[in-house]
Structure formats: C-alpha cells, structure tokens
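Subject: A structure to look through, with notes

Hello,

My notes on what was found in it follow directly after.

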Amino acid sequence: MIEFAARGDQIIICGDERPIATLTFIAKKAGTMEEFLKLAAEGRVSVPAGTTSAHDDLYDEHGPPK
C-alpha cells in the first residue's frame, strides 16, 4: 500500500463495509524524516492544557470489551 501511495494513488481503508480512512502520499514540502522525528519527540506542545484525546464516539466493530 505504501508503494501505491508513494506513486500518487489514494488508498481507501474500509471498516464495516464503509470507507473510514485514506492513505495518501505526503508531499516533499512536508519536511524531512529528521524534522518529523524532532516534532514527534517534542510531543503535543501546541495542544492547549486540558485537551484530551478521548475517542468515545468511535465505533468498535467487535463490540464492547468483555
């Protein structure tokens, strides 16, 4: 899939027979891998305090935990 994205194709990822995500190529202007790793190491510095990443509204096709 990565090779398809690298050549410019858009990959659509489905769940429960519905499109839920896409995989696309990141343009060269996005920066280098070193820049990406530096940003990742910094963490979520630009996110306001108190912000959470809860995804309670997402659908789980396997149902609730048992």
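The chain holds two helices and two strands, and from the N terminus on these elements run in the order α-β-β-α. Helices (H or I, at least four residues) and strands (E, at least two) are DSSP runs, numbered from the N terminus. Please bear in mind that this is a predicted model, in which local features need pLDDT of at least 70 and side-chain atom pairs count only at pLDDT 80 or more, while totals for chains, interfaces and linings use all residues. Residues are numbered from 1 along each chain as its sequence is written, and side-chain values use heavy atoms, with hydrogens and water left out.

As for the chain as a whole, its accessible surface comes to about 6500 Å², of which 59% belongs to carbon and sulfur atoms; such areas come from the Shrake-Rupley method with a 1.4 Å probe, and for residues only the protein chains shown count as cover. Of the 66 residues in the chain, 5% are buried, where buried means under 20% relative accessible area, exposed means over 50%, and partly exposed lies in between (1.4 Å probe, protein chains only).

Strand β1 (residues 11–15) and strand β2 (residues 18–23) pair in the antiparallel sense over five bridges, and two strands are said to pair if DSSP finds at least two bridges between them. One of the positions you can look up is Ile-12, whose bridge partner in β2 is Thr-22. Together β1 and β2 form a hairpin with two residues between them.

What is the phi of Asp-16, which is not a glycine? Asp-16 has a positive phi of about 55°, and it lies in the loop between β1 and β2, where its relative accessibility of 47% makes it partly exposed. Glu-17 lies in the loop between β1 and β2 as well, and its phi, near 65°, is again a positive value in a residue other than glycine. Glu-17 counts as exposed because its relative accessibility is 81%.

Further along, Ile-26 lies in the loop between β2 and α2 and is exposed, at 60% relative accessibility. Ile-26 and Gly-8 are 18 residues apart in sequence, and their C-alpha atoms are 9.3 Å apart in space.

Next comes helix α2, which covers residues 33–42 and includes Met-33. Of the 10 residues of α2 the number buried is zero, so the helix lies largely in the open. Met-33 itself counts as exposed, because its relative accessibility is 52%. Met-33, Phe-36 and Leu-37 make a nonpolar surface patch of about 340 Å². Patches are made of residues with over 30% relative accessible area and no salt bridge, with like charges joined within 9 Å and nonpolar side chains (Val, Leu, Ile, Met, Phe, Trp, Tyr) within 5 Å. An α-helix has 3.6 residues a turn, so residues three or four places apart point the same way. Just after α2, Gly-43 takes a positive phi of about 80°.

Finally, the count of salt bridges comes to one, a salt bridge being a side-chain nitrogen of Lys or Arg within 4 Å of a carboxyl oxygen of Asp or Glu. The side chains of Asp-9 and Arg-7 meet in it, at 2.6 Å from N to O. Asp-9 is partly exposed, at 29% relative accessibility, whereas Arg-7 is exposed, at 59%.

Best wishes
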